[in-house]
Amino acid sequence: MLRRHFCLSCLLLAAGVSPSLAATRPAAHLYKNPQCSCCETYAQYLRTAGYEVTVTPSFDLTLIKRQNGVPEVLDGCHTTLVGGYVVEGHVPVGAVNRLFDERPAIKGISVPGMPAGSPGMFGEKAGPLTIYEIAADAVPGAAPKVFAVE
C-alpha cells in the first residue's frame with residue numbers, strides 16, 4: 001500500500017500537481033462496473049491529486065455515458081462527473097487540471113478504452129496518450145478533437 005501511494009505521488013509530481021492547486025479541486029463522482037478494480041485505482045489517483053472522489057458501482061454505465069453526452073467512440077472504462085464536466089476513462093490528472101484551469105466550452109474529456117500504462121491501469125505505457133474533447137455540440141460521426149497528448 002505504501003509503495004502504491006509513493007508511486008501515485010511520483011506520478012502527480014511528474015504531472016505538475018502542487019498541493020495548493022490540488023486543494024481547490026472540485027468533488028468528483030466516478031461511476032464504474034462493479035467488477036472493475038482499475039477504476040478504484042484511478043479514483044485513488046484522483047484523490048492523491050486533491051480531488052474528493054465518490055465511487056458508485058453500476059451496471060448502467062452505457063446509460064450514464066449517453067445521458068452525459070459521451071459518444072460511443074469515446075467510451076472509456078468508467079465515467080467521472082466533476083465540476084460540471086465529464087471525465088471519461090483513464091485521463092491523466094494533468095489534463096483534468098487543465099480542464100478546470102481553462103474551463104473550455106465542452107462537455108468534457110476522454111481517454112477511450114483502457115490503455116495499458118494509463119493512470120489506474122497496469123502494464124507499460126506504449127506511447128503518449130491522446131485525450132479527446134467531448135464536444136458540447138457533437139455531430140454524430142464527426143471526428144473528435146484532440147484536447148491534449150501526454
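Start by selecting H78: at 0% relative accessibility this histidine counts as buried (buried means under 20% relative accessible area, exposed over 50%, partly exposed in between, with a 1.4 Å probe and protein chains only). Before going on, note that this is a predicted model, where local features need pLDDT of at least 70 and side-chain atom pairs count only at pLDDT 80 or more, while totals for chains, interfaces and linings use all residues. Residues are numbered from 1 along each chain as its sequence is written, and side-chain values use heavy atoms, with hydrogens and water left out.

H78 sits in the loop between α4 (61-67) and β3; helices (H or I, at least four residues) and strands (E, at least two) are DSSP runs, numbered from the N terminus. Now show its contacts, meaning heavy atoms within 4.5 Å. Leaving aside residues up to four places away in sequence, H78 touches L30, Y31, K32, C39, Y42, K65, V87, E88, G89 and H90.

Next, colour the strands. An open sheet of 7 strands runs in the order β2-β1-β3-β4-β5-β6-β7, with mixed pairing; two strands pair if DSSP finds at least two bridges between them. Click on β2 (53-57) and β7 (146-149): these stand at the edges with a single partner strand each, so one side of each has no neighbour in the sheet. The twist averages 20 degrees from one strand to the next (axes are lines fitted to C-alpha atoms, for helices over the stretch in contact, and angles run from 0 to 180 degrees between N-to-C directions).

Zoom in on β1 (residues 28-32) and β3 (residues 79-82), which pair in the antiparallel sense over 4 bridges. Here Y31 stands opposite T79. Carry on from β3 to β4 (residues 85-89), again antiparallel over 4 bridges, with V82 bridged to Y85. What lies between β3 and β4? They form a hairpin with 2 residues between them, and G83 in the turn has a positive phi of about 55 degrees.

Now bring up helix α3 (residues 38-48). It lies across β1, β2, β3 and β4, running at about 165 degrees to β2.

Select β6 (residues 130-134) and β7, an antiparallel pair with 3 bridges, and pick out Y132 with its bridge partner V146.
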